[in-house]
Amino acid sequence: MLSPPTSKPDVRGAAYCFRCIGCGDLSGVASQDFRCSRCADLLEIIYPSLNEAAGKPNADKLKDVWRQRRLWQSAVDLSGVWRFRDLLPALQNDDQAITLREGCTPLYELPRSARAVGVPRLLAKHQGLNPTGSFKDCGMTVAATFARLAGFKWVACASTGNTSASMAAYAARGGMRSLVLVPEGKISWSKLSQALDYGAVTCQLRTDFDGCLRLLQELVLRAPVYQLNSINPFRLEGQKTLALELLDQLDWQPPDHIIVPGGNLGNSSAIGKALLEARDLGLITRLPKLSVIQAEGANALVRTLRETGGKSLVSVQAQTRATAIRIGNPASWKKAIHVLEATGGACEQVSEIEIAQAKAELGLEGIGCEPASAVTLAGLKKLVKQRFVKPEESVVLILTGNLLKDPDFTMDFHRGKLFEGSDGSETVRAGLEPLRRAPMILDAKLDAVIQTLEQAEKSEPPPSLK
Ligand code: F0G
């Protein structure tokens, strides 16, 4: 075991308070629904001391401490989230953290997709390689920790699947009970099965995600349960570290663009908050443009920006096979618009066929992800065509969930069933053919296998392997 360097950092986490994103009201405590008691807008966590000359940490020192902690063996140093605890709400002692060694996710080069799309450098930060298979773990370690510190025995969430899997795991780890509300028939069994194994009380409600979230908001005002949706600002503080870890991996040289999927819009808000804080603390001198991509069938933010200039939310009846982002009434829309504006990012939508194609293309680079994550590559293609992303610019895609989260989507795609009965044009669907690999059933004979191999050798390699 490596022994810790002698110079332990002198910062142990930051003193925080809650600020309303609407009226700016400051408070030391938050109500159960994490809404402002004056105007009902969402709360965010801020660290007043970090903005004062006396309290502002030295940027080089912070970078150094974060690097050093990678060599240490305590639970909080092994976590890719708590490693950045200097910019997180302070714990009294490190043992309070409920951690599963979240974060520490790889940053992959995507050379073939970069060539195909027409950018010099394309990277993917794979948050699907977190302990429960999605980016939610980074937020959950912080929010579950503060739930337990606040004395709650029960935690709860509404979910399209990943939040519930993550919450159930961290609750179990922290000795709390968990209640999951998911839309009946609209989430993948892989995600639901995780929540069951982690011991959650799991309710499939006859409604959509937005209906589940509405009900949860009422429940937390009536019962002693702590809500762990991304309305909870502690979640966003944890998810913030995704961007800090990314910048650290890039030696604090930001990419030109970061592209993230948008559902309830917590993650984009968290990443944007991290970028703005990093700039204010002098950790970076230039802001990447943060862009959000939605599925065409769940495009509330796209429509909000196009139809109202971002002034009022246009809710939609969400419909997409990328079930993780099947959300029509995103809670954090105002926070997301703020970071889009502050970083100069774009908001786009992509079709079901574009999502499926991008997911298969990423797969052919050896990078599996769930459909909701693939919207990032599909969206990048559009942003390059629109020349919003310029030919010389570097891009990082945030892949949010693991391929194994939604095997039905992948099997339906390869068996040619994904778009059966849909009205997508034949030509567009034909474009997917070279990416499909239907599994074959053969007699258990050597000749049959050799013949298959020879046929495959003669056929064209899939586009991204050329
Ligand atoms: N990608 C995946 C894999 C997700 O699970 C989600 C959201 C998103 C993207 C969108 O992130 O909501 O922060 O904009 N899943 C939630 C859930 C809503 O319940 O698991 P967002």
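**From a loop residue to the helix packing**

Mentor: L432 counts as partly exposed, because 17 C-beta neighbours lie inside 10 Å. The scale is simple: with C-beta atoms placed from the backbone, a residue is buried if 20 or more others lie within 10 Å of its own, exposed if 12 or fewer do, and partly exposed in between. Residues are numbered from 1 along each chain as its sequence is written. The model is predicted, so local features need pLDDT of at least 70 and side-chain atom pairs count only at pLDDT 80 or more, whereas totals for chains, interfaces and linings use all residues.

L432 belongs to the loop between helix 16 (426-430) and helix 17 (446-458). Helices are DSSP runs of H or I with at least four residues, strands are runs of E with at least two, and both are numbered from the N terminus. Residues up to four places away in sequence apart, L432 touches I353, A356 and Q357; contact here means C-beta atoms, placed from the backbone, within 7 Å.

L100 sits in the loop between helix 3 and strand 4 and is partly exposed, with 18 C-beta neighbours inside 10 Å. From L100 to R173 the C-alpha distance is 8.1 Å, against a separation of 73 residues in sequence. Beyond four places in sequence, the contacts of L100 are P131, D137, A169 and R173. R101 is found in that loop, between helix 3 (75-78) and strand 4 (107-109). R101 has a positive phi of about 60° although it is not a glycine, and is partly exposed, with 15 other C-beta atoms within 10 Å. R387 also has a positive phi, near 60°, and is not a glycine. R387 is in the loop between helix 14 (371-385) and strand 13 (394-399), and is exposed, with 8 other C-beta atoms within 10 Å.

D137, one of the contacts of L100, is a residue of helix 5 that takes part in meeting helix 6. Helix 5 (residues 136-149) and helix 6 (residues 162-173) have axes 9 Å apart and pack at an angle of about 40°. That makes helix 5 oblique to helix 6. Axes are lines fitted to C-alpha atoms, for helices over the stretch in contact, and angles run from 0 to 180 degrees between N-to-C directions. Angles under 35 degrees count as roughly parallel, over 145 as roughly antiparallel, 65 to 115 as roughly perpendicular, and the rest as oblique. By class, the contact has 5 nonpolar, 4 polar and 2 charged residues. Nonpolar covers Ala, Val, Leu, Ile, Met, Phe, Trp, Tyr, Cys and Pro; charged covers Asp, Glu, Lys and Arg; the others, Gly among them, are polar.

Helix 5 also meets helix 9 (residues 233-249), their axes coming within 6 Å and crossing at roughly 145°. This crossing too is right-handed. C138, G139, M140, T141, V142, A143 and F146 of helix 5 make the contact with F234, R235, L236, E237, G238, Q239, T241 and L242 of helix 9. The residues divide into 8 nonpolar, 5 polar and 2 charged.

Helix 6 in turn packs with helix 7 (residues 189-197), the axes coming within 8 Å and crossing at roughly 20°. The two are therefore roughly parallel to each other, and their crossing is left-handed. N162, S164, A165 and A168 of helix 6 meet K191, Q194 and A195 of helix 7. That contact comprises 3 nonpolar, 3 polar and 1 charged residue.

Finally, the core. Of the 128 residues in the largest nonpolar core, V155 and L228 touch the most other members; such a core is a set of buried Ala, Val, Leu, Ile, Met, Phe, Trp, Tyr and Cys residues joined through C-beta atoms within 7 Å. Neighbours within four places aside, V155 is in contact with A144, A147, M167, A171, M176, S178, V225, Y226 and L228.

Note on methods
Contact = placed C-beta atoms within 7 Å. Left-handed = near helix turned anticlockwise from the far one by under 90°.
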